[in-house]
Amino acid sequence: MHTWSAGLALVGVLAACAAAQADPVATFQPLSQAQRAAMTGDAWRPECPVPLDDLAAVTVPYVDFEGAERSGTLVIHQRFAGDVAAIFTELHQAAFPIRIISPWENFGDKYAEHDATVGSYCRRAQDAPESWSGHAYGVAIDINPRENPFLDAQLGWWPAGTAPYAPRDGGIGKVAAGSPAFLAFARHGWAWGGFYPGVTDYMHFYKSLVGFTPNPLARAYEAPTLTYIPSR
Ligand SMILES: [Zn+2]
């Protein structure tokens, strides 16, 4: 059980290296009462597998598709708030463009149509409805969903109309194997859904937790970093 009372140190600001002191960095904190109220009922419900007390709000800087400096909030399991703060600080320093970062409930089921980058939301897995999605555990992030669509085995590329974006041949906001954005996630132990056979999920990154329990948070191992092996 993770509690915030045991984790005041989790309220933090990533240390910026001296050379990057002028750059904004991501910060994280427990969910505010307003955030809890906004999430409750759809983005989160009492039957969801992770309590609101175990989720964190990560406030991250990003560069949007027009090159403007922005700030957005990602909700994620508090165990991985430091990971997410570090990854998005690196994406910002690399000027990786992101359309919009927004808590899921601001767009709800239409988040992908709106191209919103989101973290936690409580849903069954789209391709395995008997299981909770990694998003329901707060261990997954969808990034630029229109530029990085999901291949639904029945319905085709999702969200609708994104088939033209499916090729991984470059383009604003796309993630490809070995790309700088892909490597920023991998450095912190986050794997890519772009390698899922048959149900390619280019928007989806998930914390690599290794074990045999359906609940990823109960597994015995977590990967602090991943090494990409492009020859396989
Ligand atoms: Zn996802």
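User: How many bridges join β3 to strand β4, and which way do they run?
Analyst: This is a predicted model, and in it β3 and strand β4, the latter covering residues 69–77, run antiparallel and are joined by nine bridges. Within that pairing, Y62 stands opposite R70 in β4.

User: What about the turn, which residue takes a positive phi in the hairpin of β3 and β4?
Analyst: That is G67, with a phi near 85 degrees, in a hairpin that has five residues between the strands.

User: And which sense does strand β2 pair in with strand β3?
Analyst: Strand β2 (residues 27–30) pairs with strand β3 (residues 55–63) in the antiparallel sense, over four bridges, and P30 is the residue that stands opposite A56 in β3.

User: Changing topic, where does V139 lie?
Analyst: V139 lies in the loop between β8 (128–132) and β9 (140–142).

User: Buried or exposed, and why?
Analyst: V139 is buried, because 25 other C-beta atoms lie within 10 Å, and the cut-off for calling a residue buried is 20 or more.

User: Which residues is V139 in contact with, leaving aside its neighbours within four places in sequence?
Analyst: The contacts of V139, with those neighbours left aside, are H77, F80, G134, Y206, K207, L209 and P216. Of these, Y206 and K207 belong to strand β13 (residues 204–207).

User: OK, so which way do the residues of strand β13 point?
Analyst: H204 and Y206 point one way from the strand, whereas F205 and K207 point the other way, and all are buried. In a regular strand the side chains alternate between the two faces of the sheet.

User: What does β13 pair with?
Analyst: β9 pairs with β13 in the antiparallel sense over three bridges, with D142 standing opposite H204. Strand β12 (residues 190–192) also runs antiparallel to β13 and is joined to it by three bridges, and there Y206 is the bridge partner of A191.

User: Zooming out, how many helices and strands does the protein come to?
Analyst: The secondary structure comes to three helices and 15 strands. Among contacts between residues at least 6 apart in sequence, 60% join residues at least 24 apart.

User: And what radius of gyration does the protein have?
Analyst: The radius of gyration is 17 Å, which agrees with the value near 17 Å that a compact globule of 232 residues would have. Taken along the principal axes, the C-alpha atoms fill a box of roughly 45 × 45 × 35 Å, and 39% of the 232 residues count as buried.

Terms used:
Residues numbered from 1 in each chain as written. Predicted model: local features only at pLDDT ≥ 70, side-chain atom pairs only at ≥ 80, totals over all residues. Pairing = 2+ DSSP bridges. Helix = DSSP H or I, 4+ residues; strand = E, 2+ residues; numbered from the N terminus. Rg over C-alpha atoms; globule rule 2.2 N^0.38 Å. Buried ≥ 20, exposed ≤ 12 C-beta atoms within 10 Å, placed from the backbone. Contact = placed C-beta atoms within 7 Å.
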